[in-house]
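Trainee: I have a model open and would like to go through it with you. Can we start with the strands?

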Amino acid sequence: MSITAADVNKLRQMTGAGMMDCKKALTEADGDFEAAIDILRKAGQKVAAKRAENATNEGVVLVALSADHSNGKLIALACETEPVSKVADFNNLAQSILEAAVKSHAPSASALLAEPLSDGRSVEGHIIELTGKIGEKITLAAYENIDAEKVVSYIHSNNKIGVLVAFEGVEGTDVTEVGKDIAMQITAMKPVALDKDGVDAETIQREIEIGKDQARQEGKPEAMLEKIAVGKLEKFYRESTLLNQQFVKDSSINIRQLLEQTQKGLTISTFKRVALA
């Protein structure tokens with residue numbers, strides 16, 4: 001059948017896909033709009049598969065807190081290039097995904113991908129469709145969902161780094177200001193864990209081997225290498241675990257001491273830092 005410019009424009013309005021893509025899909029579907037939409041979605045899947053190995057270092061990070069700040073959710077929608085991260089459709093989808101997370105209280109990223117958006121189609125389906133429309137890889141790079149007595153959030157000015165910090169033992173204390181300070185510290189100092197016991201065995205072993213190698217290069221005796229490496233590991237803990245890090249605003253105390261000064265018994269149960277880079 002003959003495909004008119006009006007048909008192509010109608011499909012474009014329905015899907016947001018490019019004019020040539022719409023014409024090709026309608027031609028292949030013999031003018032059947034529903035079939036053409038399926039073809040465009042399948043094209044999106046093909047684009048996603050073709051670009052599966054591409055790096056997605058751009059995008060947006062968004063957070064939402066419950067009214068009482070006892071829950072925090074964070075999503076990162078990633079793409080390949082900065083211009084795409086500025087596109088309205090991309091940002092609208094990111095906001096819709098965050099709203100779906102808030103509504104569903106999805107326990108995991110895979111669960112969130114299965115959640116329906118306003119038109120009934122899944123988050124994953126929308127991501128695939130937008131991948132086909134834009135022509136580069138788009139992915140839900142991160143989803144965090146934490147509960148605590150009080151959750152504080154922070155989004156860095158470039159919208160590519162987001163942090164959630166979960167506080168316990170608040171006892172009526174307003175932790176907003178100290179929470180923001182700690183969230184900003186997490187953004188800048190990139191702690192690998194909350195405390196020493198949260199550092200994984202692989203990281204510890206790697207740091208010990210690095211310490212041994214440094215000592216060996218300094219000419220230290222082989223018998224002393226293990227002891228020296230353990231000493232360097234303590235330095236690593238001070239620099240790379242949140243509670244043991246020096247407070248950026250006051251280097252005379254660490255974060256554990258800052259919490260104690262703010263409110264006796266105040267603790268951080270967990271934190272989440274997500275960065276697109």
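Mentor: One term before the strands: two strands count as paired if DSSP finds at least two bridges between them. Keep in mind also that this is a predicted model.

Trainee: Fine. How many bridges join β5 to β8, and which way do the two run?

Mentor: There are 8 bridges between β5 and strand β8, residues 267-275, and the two run antiparallel.

Trainee: Now β1. Why is it described as largely enclosed?

Mentor: Strand β1, residues 58-65, has 6 of its 8 residues buried, so the rest of the structure largely encloses it. The cut-off for buried is under 20% relative accessible area.

Trainee: Which strand does β1 pair with?

Mentor: With strand β2, residues 71-79, in the antiparallel sense over 8 bridges. V63 stands opposite L74 in β2. The hairpin of β1 and β2 has 5 residues between the strands, and H69 takes a positive phi near 60 degrees there.

Trainee: Switching topic. Where does P191 lie?

Mentor: P191 is in the loop between α8 (176-189) and α9 (201-217).

Trainee: Buried or exposed?

Mentor: Buried: the relative accessible area of P191 is 9%, and anything under 20% counts as buried.

Trainee: What does P191 touch?

Mentor: Leaving out residues up to four places away in sequence, P191 touches I186, S240, T241, L242, Q245 and F271. Q245 is 54 residues from P191 along the chain, with 8.2 Å between their C-alpha atoms.

Trainee: Pockets next. How much space lies in the largest pocket?

Mentor: About 580 Å³. The largest pocket has 24 lining residues, with L93, S96, L117, D119 and H126 nearest its centre. The elements giving two or more residues to that lining are α1 (5-15), α3 (33-50), α5 (88-104) and α7 (123-134).

Trainee: Which of them gives the most?

Mentor: α5, with 8 residues. By class, the lining of the largest pocket has 7 nonpolar, 8 polar and 9 charged residues.

Trainee: And the second largest pocket, how much space lies there?

Mentor: About 390 Å³. The second largest pocket is lined by 17 residues, and D21, I39, L40, A43 and G44 lie nearest its centre. α2 (19-28), α3 and α7 each supply at least two lining residues, and α3 gives the most, with 7. The classes in this lining are 6 nonpolar, 4 polar and 7 charged.

Trainee: Last one. What does UniProt list for residues 73-275?

Mentor: An unreviewed UniProt entry lists that span as "domain: Translation elongation factor EFTs/EF1B dimerisation". In the model, residues 73-275 are 46% helix and 23% strand, and the end C-alpha atoms of the span lie 15 Å apart.

Methods:
Residues numbered from 1 in each chain as written. Predicted model: local features only at pLDDT ≥ 70, side-chain atom pairs only at ≥ 80, totals over all residues. Heavy atoms only, no water. UniProt positions renumbered as here; feature names shortened; annotations may be inferred. Helix = DSSP H or I, 4+ residues; strand = E, 2+ residues; numbered from the N terminus. 1 Å grid on protein atoms, 1.4 Å probe; cavity = no way out; pocket = protein on both sides within 12 Å on 5 of 7 lines; lining within 4 Å. Points joined across faces, edges and corners; volume = space filled by probe spheres on them. Nonpolar A, V, L, I, M, F, W, Y, C, P; charged D, E, K, R; others polar. Buried < 20%, exposed > 50% of the residue type's maximum accessible area, 1.4 Å probe, protein only. Contact = heavy atoms within 4.5 Å.
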